[in-house]
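I opened this notebook to record what I looked up about the ligand site and the aromatic rings.

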Amino acid sequence: MNTVKKLSALLLSLSLLLGGCGAGGGPKTEYLFAMDTLMELTAYGKNAGEGIRGAASVIKELEGLLSVTDQGSDVFAINRDGGAESVAPHTRSLIAEALLLGDMTGGALDITIYPIVKAWGFTTGEHNVPGDAELAGLLSKVNYSDVELDGSGVSLPQGVEIDLGAVAKGYAGDMAAQAMRDSGIASAILNLGGNVQTVGSRPDGSPWRVAVKNPLDPGREDYLGVVLAEDMAVVTSGGYERFFERDGETYWHIIDPATGRPADSGLVSVTVVGPSGVLCDGLSTALFVMGRDAALALWRERGGADSGFDVILVTESGRVTVTAGLSDRFTLLDTENFTLDVAE
Ligand code: AMP
Ligand code: MG
């Protein structure tokens, strides 16, 4: 989606989200372009300006550390040099979390996917469909358990490269929400290009209403549905976010590490809701790869209210499944094209 479309989609979501602002000051809203996306930070209360400045500053700092293409970043140095003796604490903790999520998802989340992402041209926009032999060669370099963390250092075997694109915005959302809380903000909503992070509730005490994009037409206002959220991240991965078409085929940016090809699990969109943005972000990408049945199996094993995540799965045939914790927090809006069921 181009920037103008993104901006109009965000403004539409803003009008939906702000449908009743109450006492306590604000809101203040600022936009910033970071991590390759347009972000919208809104806070209420007398410290709203300070909260937004703190949030924007930590997002910019993280972008500087985590970008895979910025020559000054930690990730760029790690990939160029096969590791780094010392990286920033943020970089280290995000890598550590992403490796744990790799374990949790049986390798569906694999931060060493970068050579494959490059071969498809998703980093440069020079799209390409790699051949079988090329993919097989590159796949031999994909294995997140090859990443070694030692103190503040990171090392990678020859030819292995990492990409934190599947988790960076979720982590940034967590840190930005923390910056808001540190400024005394009790009510804020941060939209980091589709990764929504809420702080507290709306100023009138009611939950935030977070719109979930319609995978059939993500640029338009007819949302798939709305999630009620308080102190929660709401993170969506969809094939529609970044893709190209070649000879009648659509190729999207979420890659199955088992094949090196765009994930083909029957899901067109996955939304994960929970208190940890980084967990929700990593899982939204991984569950998109794993497919509906494996996603629900993982939720039954590790999800739910206590350990902290629920999901909204959308299949290519128009079936929307929400897990039990969301049954009274999700409303399906596009009932014309989708049916809703609840997984227990
Ligand atoms: P997201 O939008 O959070 O689902 O993340 C997608 C981005 O993560 C892609 O643009 C790639 O940079 C990267 N990526 C794609 N597939 C994977 C995967 N299976 N594991 C980890 N990162 C991935
Ligand atoms: Mg993700």
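Which residues do ring pairs link into a cluster? I found Trp120, Phe122, Phe244 and Tyr251. Rings of Phe, Tyr and Trp (its six-membered ring) pair if their centres lie within 6.5 Å; planes under 30 degrees apart count as stacked, over 60 as edge-to-face and the rest as tilted.

I noted that this is a predicted model, where local features need pLDDT of at least 70, side-chain atom pairs count only at pLDDT 80 or more, and totals for chains, interfaces and linings use all residues. Residues are numbered from 1 along each chain as its sequence is written, and side-chain values use heavy atoms, without hydrogens and water.

Aromatic pairs. I looked up the total, which is five. Tyr44 and Trp208 make a tilted pair, 5.9 Å centre to centre with 45° between the planes. Tyr44 sits in the loop between strand 2 (37-43) and helix 2 (48-66), Trp208 in strand 8 (residues 208-212), 164 residues apart; helices (H or I, at least four residues) and strands (E, at least two) are DSSP runs. Tyr44 and Trp208 are both buried, meaning under 20% relative accessible area (1.4 Å probe, protein chains only). Phe122 and Phe244 are also tilted, at 5.7 Å and 50°, and both are buried.

Ligand 1. I listed its polar contacts (pairs of N or O atoms within 3.5 Å). A ligand oxygen lies 2.6 Å from a side-chain N or O atom of Ser237. A ligand nitrogen is 2.8 Å from a backbone N or O atom of Ile255. Alone, ligand 1 exposes 500 Å², of which the protein buries 93% (Shrake-Rupley method, 1.4 Å probe).

How values were computed. Chains lettered and ligands numbered in written order. Polar contact = N/O pair within 3.5 Å; in protein donor to acceptor, adjacent residues only side chain to side chain. Buried < 20%, exposed > 50% of the residue type's maximum accessible area, 1.4 Å probe, protein only.
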